[in-house]
Amino acid sequence: MARKGHPMFFFFFETPKVLKRFINTANHPLRPSIETKLEILHRCLELGENVKLESEETGYTRGSIYTWRRRYIKKGRLALMNSIDISRDGLKEGSLEASQEELEVLKQKMHDMQLEMDILKETIAVLKKAQGIIP
């Protein structure tokens, strides 16, 4: 049977795209957890997977994924958190242990770098004095 009309008409209107329908289930929550968002961002941005294909696979829109990306770049992990990710009691003692450990490591690194800078400043001063630059 011969088709009449513009050839592109059939491309757009004759072959409907079947989209997966996701509903609010345990596997696909309406408001995904921070871990889910980070996993999707990791696959899209670090592993280089196509955002459109990832969107179709997971059921979250490309707009959502790009919004998560923008928030993550601007404010980090906390920007991806939902209200359900934060308990009603707020942060409890010990919930920031990893952050405290990181803070201690960073403080130690900063101290070490400050010592290196002081040593370099003294070395420069001694060299200048030895060469007669500083009287």
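Me: How much accessible surface does the protein have, and what share of it belongs to carbon and sulfur atoms?
Reply: Keep in mind that this is a predicted model, and the numbers are computed from it. The accessible surface comes to about 12000 Å². The share of that surface belonging to carbon and sulfur atoms is 58%.

Me: Which elements is the protein built from, and in what order do they run?
Reply: There are zero strands here, and the helices number five. Reading from the N terminus on, the order is α-α-α-α-α.

Me: Is K37 buried or exposed?
Reply: K37 is found in helix α2. Setting aside neighbours within four places in sequence, its contacts are P32, W68, L80 and N82. Its relative accessible area is 4%, and the cut-off is under 20%, so K37 is buried.

Me: And E35, buried or exposed?
Reply: E35 lies in helix α2, which spans residues 34-46. Exposed calls for over 50% relative accessible area. E35 has 53%, so this residue is exposed.

Me: How far apart in space are E35 and R77?
Reply: In sequence, 42 residues separate E35 and R77. Going C-alpha to C-alpha, the distance in space is 9.6 Å.

Me: Where is S55, and which residues is S55 in contact with, leaving aside its neighbours within four places in sequence?
Reply: S55 sits in helix α3, residues 51-58. With a relative accessible area of 11%, against a cut-off of under 20%, S55 counts as buried. Once the neighbours within four places are left out, the residues in contact with S55 are Y60, T61, R62 and I65.

Me: Which residues form the positive surface patch?
Reply: Start with K74, which is found in helix α4, residues 62-75. Patch members need over 30% relative accessible area, and K74 is exposed at 66%. The positive patch is formed by R70, R71, K74 and K75.

Note on methods
Residues are numbered from 1 along each chain as its sequence is written. This is a predicted model: local features need pLDDT of at least 70, side-chain atom pairs count only at pLDDT 80 or more; totals for chains, interfaces and linings use all residues. Side-chain values use heavy atoms; hydrogens and water are left out. Patches are made of residues with over 30% relative accessible area and no salt bridge: like charges are joined within 9 Å, nonpolar side chains (Val, Leu, Ile, Met, Phe, Trp, Tyr) within 5 Å. Accessible areas come from the Shrake-Rupley method with a 1.4 Å probe; for residues, only the protein chains shown count as cover. A salt bridge is a side-chain nitrogen of Lys or Arg within 4 Å of a carboxyl oxygen of Asp or Glu. Lys and Arg count as positive and Asp and Glu as negative; His and the chain ends are not counted. The place of a charge is taken as NZ of Lys, CZ of Arg, CG of Asp or CD of Glu. Helices (H or I, at least four residues) and strands (E, at least two) are DSSP runs, numbered from the N terminus. Buried means under 20% relative accessible area, exposed over 50%, partly exposed in between (1.4 Å probe, protein chains only). Contact means heavy atoms within 4.5 Å.
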